[in-house]
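Please look over the sequence and the model shown here before reading on. The paragraphs below are meant to be read with both in view.

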Amino acid sequence: MLGPLEVLRDGTPLELSGVKPRSVLSYLLLRPNRVTATSELVAALWQGAPPVSARKMVQNAVWRLRALLDTDGQGIPSDAVSLRSRPPGYLLEVHPHALDLHRFHDLVAEGRSRMREGSVATASLRWRAALDLWRGPMLSDLVEAGVGWPELEATETTRLDVLEEYFDAELALGRHHAVIPELQALSRAEPWRERFVGQLMLALHRGGRHSEALDAYTAIRTELAEQLGLEPGRRLQELQQAILADDPALHVRPLPTTARATTVRPDPPASVQAAPLPTAPEPTAPRPAVTARPGERVRERREVSVAWINASVPAGDDRGDPERIDEAMASLHNVVGDEANRFDGTVAARIGSFWLVVFGAGHSRGNEPMKAVLMVLAVRHRLRRRRNSAQGLRIRAAVDTGDALVRYAADGGPPTVTSTALDRAQSLLPLVPLDEVWVSEDTREQSASRIDYQRARVSSAMWTVRGIRTPGGRDGGLPLIDRTEGVRTLAGMLDRDRTGPGVALVVGEAGMGKSSMLVEFERLAARRAPAERPLLAHVFPCTVDDSLLGVVATELCASCGIGADDPPETARDKLWTTIERVIADSDEACRVFERLLVAIGHVPDHEPAVVAEEMVAAWLTLLEGLATERPVVLIVDDLHGADENLLRIIDRLAVPAGPGRLGVVAAARPELFHRRPDWTRAPERIVTVELPRLSDDAVARQTRMIIETSGSPDLLTATGARTEALRELTDTVTALADGNPMFAAEFVRLALRRACADTPAAGDGGYGGVAALIPTAVRGALQARLDELPADLRTVAQDAALIGDAVWPETLAALQRRRDGEVTAALDELTRRGVLTTLGTGADGPIRFAFRQPLLREVAYARVPQGLRAAKHTELAGCAPGSRAPGERRRPVAPELLRLYSVVERLRR
């Protein structure tokens, strides 16, 4: 089909004459293994009104096709293909892999999957193999006869898209010389696809043919101007300027050969490193030692997020001057270091204009992917604020998330990180356009609740960051159940004459429904009568881009009565009238007016010189003034991650409520109180709404609600065995959730997705299929819970996970080579913290312990590297009766997880 229609049997072409039989066969091949109505065939074969005998002509064509296809050439029925009558038309049964069109799409998908994993060379090979299947335009013989089905154009567009992705991969691999001839032909054949022209310009520039690269730009610019009256797109214009300036960012860079990076302290900003990352071979055999000796590195498996940042220096009269580049890179080094520290990351390496920042190598809070993206956005935001400076740096960045082996020095030295995520992100970095941030699917999945993404235009396997989700673009995501008291407390913040604390904090662990509480608070406000409805203003916990400005503009216009159709003069007058009315100090009023003019977009021919932070500060000042006239409440989500400036503002607002006071409703995790411990001791200023774990009955009700809203129609209307499986799904998820509503929602949605999938997901079967049913967000939250423990208790928990379902203190003491009393005290502390539970007690106290949440044991077990795990199992075989054989590494699997796996398999049938 990828060329003139050709039917082969054992490599020999079959003769198929006549336009109508060939057209019928081609149309059925576009819809293999499903019934195509005769009326649809008639409409496809004849443009306009068909002849009276159209159906008869289709029947004759089908009869001829059956004679050709349904036998193997010797009169014996063929098993490979069959054309059958099925009301209301015909069914062509054929194995998909017998079609070159299906093989093409398979190879394209595999290439994109390999690109997502960072295997650029393998992706390029797959795409080349897919393109080599084409023998000419799709169904070119029928096109010549007048056929113009939309599927032909769509497939041709896909071919061109794949060509663009293939050339991007080849350029990233440094094969610019090889692709120049094909790109020259394509840029002539497809002059309106500017990406081909850009790839040709880049290939020519890298090959030393600079004048030809600029000639290619001149040619496309002339053609666009003459034919369409347009200029080339922004990216093509920027590429031309970069070639003129010989921008170092255009030079080809070798792809990485190692997945190892050493975490080091940032170097002094005056130095520009040029050495490669240090590498070392991985041990080929498990370490025999069970415990670390002094100075020895302790290993641990954990999930990390990595961000690669590449800076580009604009050219000037002194382009290429090393002193100017050194000054620019030193300045950016300080910015990267500041923002990495702000978001709990570590600058692991710097090589010239490249930075590697690692998150989660030390202490995980379960939101490392989000912090990695926010850090990069913050760096870009700070550079944009000073874009007009002499340095004018611009960056590109790639963020990935994956499993890693982290080595900690027993003497407190810096850890090292080994992960394929390092390679994947770095190998994709050359494909990222300037000013863009790309993330992998794993990173997007774990940060999409707060960050908005779209598919990357160059690589469909990656995602481009669009910005921070505004409050209108985020919802609670979870139904509120058994939170009546908390909602009632928040509702009190809406009263005009309220007294008491001026700040309400919704506090709970990850997944307890804090954001849902804020959404419910907004719904309560919206249901108030207009005269009693307070003004709600949303504030982001930290500023990393200009996303908040749109929110400020919308809420500012609403508070000042500015309509969308108001002319600029009217909007300015309304803004000034409001500010002058509520801010008595004239100088302060003018300052606020100047900053908020930019927010509403009524400053003609004026480049906004006011940074986002100043605009937000002016908005808060106006809100405090408006609070003297009507109730005003600030809403802040994720306050635990707020900038210190915002916390100081809330400190100032945390006073007993009264007329004219600005109220605050915020959501945060308990870790907020590590930064503001006095907030727990000020009930007259701050009221805390704690969200405890839900009861099993509440989780079951929530689970049923999610199934009803998320399940497919086939599942929801199921009867018999499927109905029983859905009931069992509710029971199983309730047991796994441990009272956490987010856990329940994630388990249900993942189970339903897999149950409705056409094919089993990768890893199905055995432990891999069971472990794949632990949602990423749940695993991250459990890992964060382990990291909340002191290092010594975390080691005790991980060793306890190796012992088995029941942990005997004397067995653990022997494994750790410690006194029984010390180990028992540690186990008691883990029980007090809710990690373990007791299975029985004796005269001297608990005699056996077990993990209170089986999934936590699975995560703790997975933290131990395989070699160390084998060594400890060998040690256990000698100190615990009935222990596993030496070196055996059987992973613990929670019975509820096995039950969930069984339920999903039954729902899939």
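Predicted model: local features only at pLDDT ≥ 70, side-chain atom pairs only at ≥ 80, totals over all residues.

Residues are numbered from 1 along each chain as its sequence is written, and side-chain values use heavy atoms, with hydrogens and water left out.

The secondary structure of the protein chain comes to 35 helices and 21 strands, where helices (H or I, at least four residues) and strands (E, at least two) are DSSP runs numbered from the N terminus. Of its 909 residues, 51% count as buried, a term that stands for under 20% relative accessible area, with exposed being over 50% and partly exposed in between (1.4 Å probe, protein chains only). With contact taken as heavy atoms within 4.5 Å, residues 24 or more positions apart account for 71% of the contacts in the protein chain that have a separation of 6 or more.

In soluble globular proteins, nonpolar side chains tend to be buried together. A nonpolar core is here a set of buried Ala, Val, Leu, Ile, Met, Phe, Trp, Tyr and Cys residues joined through side-chain atoms within 4.5 Å. The largest such core has 94 residues, and those with the most contacts inside it are L332, L505, L575, L596, L623 and L639. Helix α13 (residues 368–385) supplies the largest share of this core, 10 residues. A second, separate core of 80 residues includes M115, L131, W149 and L428. Returning to L639, its contacts, leaving aside neighbours within four places in sequence, include L505, I650, A668 and W679.

An open sheet of 5 strands has the order β16-β17-β18-β15-β19, with parallel pairing; two strands pair if DSSP finds at least two bridges between them. Because β16 (535–538) and β19 (686–690) stand at the edges with a single partner strand each, one side of each is left without a neighbour in the sheet. Neighbouring strands of this sheet are turned by 20° against each other on average, direction ignored. Strand β15 (residues 503–507) is joined to β19 by 5 bridges, and V503 stands opposite I686 in β19. Helix α17 (residues 514–526) packs on the sheet, touching β15, β16, β17 (632–636), β18 (663–668) and β19, and its direction makes about 150° with that of β18; axes are lines fitted to C-alpha atoms, for helices over the stretch in contact, and angles run from 0 to 180 degrees between N-to-C directions.

A668 lies in strand β18 and, at 0% relative accessibility, counts as buried. Not counting residues up to four places away in sequence, A668 touches V506, V507, G508, K514, L639 and H640.

Elsewhere, strand β14 (residues 463–468) pairs in the antiparallel sense with β12 (residues 437–439) over 2 bridges and with β13 (residues 451–455) over 5 bridges. T464 in β14 stands opposite W438 and also opposite Q454. Since 5 of the 6 residues of β14 are buried, this strand is largely enclosed by the rest of the structure.

T401, found in strand β10 (residues 394–409), counts as buried at 1% relative accessibility. Its side chain is joined to that of T443 by a polar contact of 2.8 Å, meaning a pair of N or O atoms within 3.5 Å of which, within protein, one must be able to donate a hydrogen and the other to accept it, residues adjacent in sequence counting only if both atoms are side-chain atoms.
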